[in-house]
Amino acid sequence: MVHNQVYEPAEDSFLLADNLRLTPCSKVLDLGSGCGIIAVKAAELGCEVVAVDINPYAVYCVKKNAELLGLRDRIEVLRTDLFASFRLGRVFDVVIFNPPYLPTSDFKLGGWLEKAWDGGRSGREVIARFVDEVGGYLKDGGEVFMVQSSLSKVEETLKQFREKGFKPKILVKMDFDFETLFLINAKKNLKP
Ligand SMILES: C[S@@+](CC[C@H](N)C(=O)[O-])C[C@H]1O[C@@H](n2cnc3c(N)ncnc32)[C@H](O)[C@@H]1O
């Protein structure tokens, strides 16, 4: 089920879901889980999943969908703004994020659904905070899978990952009329 204040899975969600490479039993954080499409997929693949979203309706949907699919014991669900509710030192093997990545104006419609696409003026506000912080919640050698649009400067994101000690690459690219979607994979470098 998808509540009307929650992002309905679209091309970006499917790009991510169809191209995830996950090892059973790995610890996975699904950030910005929306209705839980990615969390459910990871749990079905045998991962231990934590699904988080800033939107309380999304949190409700993930719980409901996990229950309906008999996966509730494999998906912990939390409401948080990015990593704010995690203690530093709680680390995952994989962090997955389909972030709000569209540049938006100062005119806001309001409502929780807007959080799904509102990346601020540059489209990069949430992405930049995410890349800045994610390393603190990943094991050495752990991986990020993240979707981004050509509308919000993918090169900037790759550069920021490198500066933070990751090896980023584009795994998949999908062209649409007004944008190209990229699936980025970034591996956290092992400590020497
Ligand atoms: C594009 S939707 C993706 C939803 C789902 N993962 C999917 O692929 O269909 C982005 C999600 O990120 C959530 N989000 C936006 N900003 C966030 C933040 N600062 N912390 C946590 N979640 C956030 C939104 O509420 C929304 O559910």
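Me: How do the residues of the shell around the ligand divide into nonpolar, polar and charged?
Reply: This is a predicted model. In it, the shell around the ligand has 14 nonpolar, 6 polar and 3 charged residues.

Me: Which residues are the closest to the ligand?
Reply: S13, G32, G34, N55 and N98 are the closest, out of 23 residues that surround the ligand. The elements giving two or more residues to that shell are α1 (11-19), α2 (37-44) and β2 (48-53).

Me: New topic. How many helices and strands does the protein have?
Reply: There are 5 helices and 7 strands. Along the sequence they follow the pattern α-β-α-β-α-β-β-α-β-α-β-β.

Me: What is the order of the strands in the sheet?
Reply: The open sheet of 7 strands is ordered β3-β2-β1-β4-β5-β7-β6, and its pairing is mixed. β3 (75-79) and β6 (166-175) are at the edges with a single partner strand each, so one side of each has no neighbour in the sheet.

Me: Do β2 and β3 run parallel or antiparallel?
Reply: β2 and β3 run parallel, joined by 5 bridges. D53 stands opposite R79 in β3.

Me: Back to α1. Which strands does α1 lie across?
Reply: α1 lies across β4 (92-97), β5 (138-149), β6 and β7 (180-188), and runs at about 40° to β7.

Me: Last one, overall size. What is the radius of gyration of the protein?
Reply: The protein has 16 Å, which agrees with the value near 16 Å for a compact globule with 192 residues. Buried residues make up 39% of the 192.

Note on methods: Residues numbered from 1 in each chain as written. Predicted model: local features only at pLDDT ≥ 70, side-chain atom pairs only at ≥ 80, totals over all residues. Near = placed C-beta within 6 Å. Helix = DSSP H or I, 4+ residues; strand = E, 2+ residues; numbered from the N terminus. Nonpolar A, V, L, I, M, F, W, Y, C, P; charged D, E, K, R; others polar. Rg over C-alpha atoms; globule rule 2.2 N^0.38 Å. Buried ≥ 20, exposed ≤ 12 C-beta atoms within 10 Å, placed from the backbone. Pairing = 2+ DSSP bridges. Contact = placed C-beta atoms within 7 Å. Axes fitted to C-alpha atoms, helices over the stretch in contact; angles between N-to-C directions.
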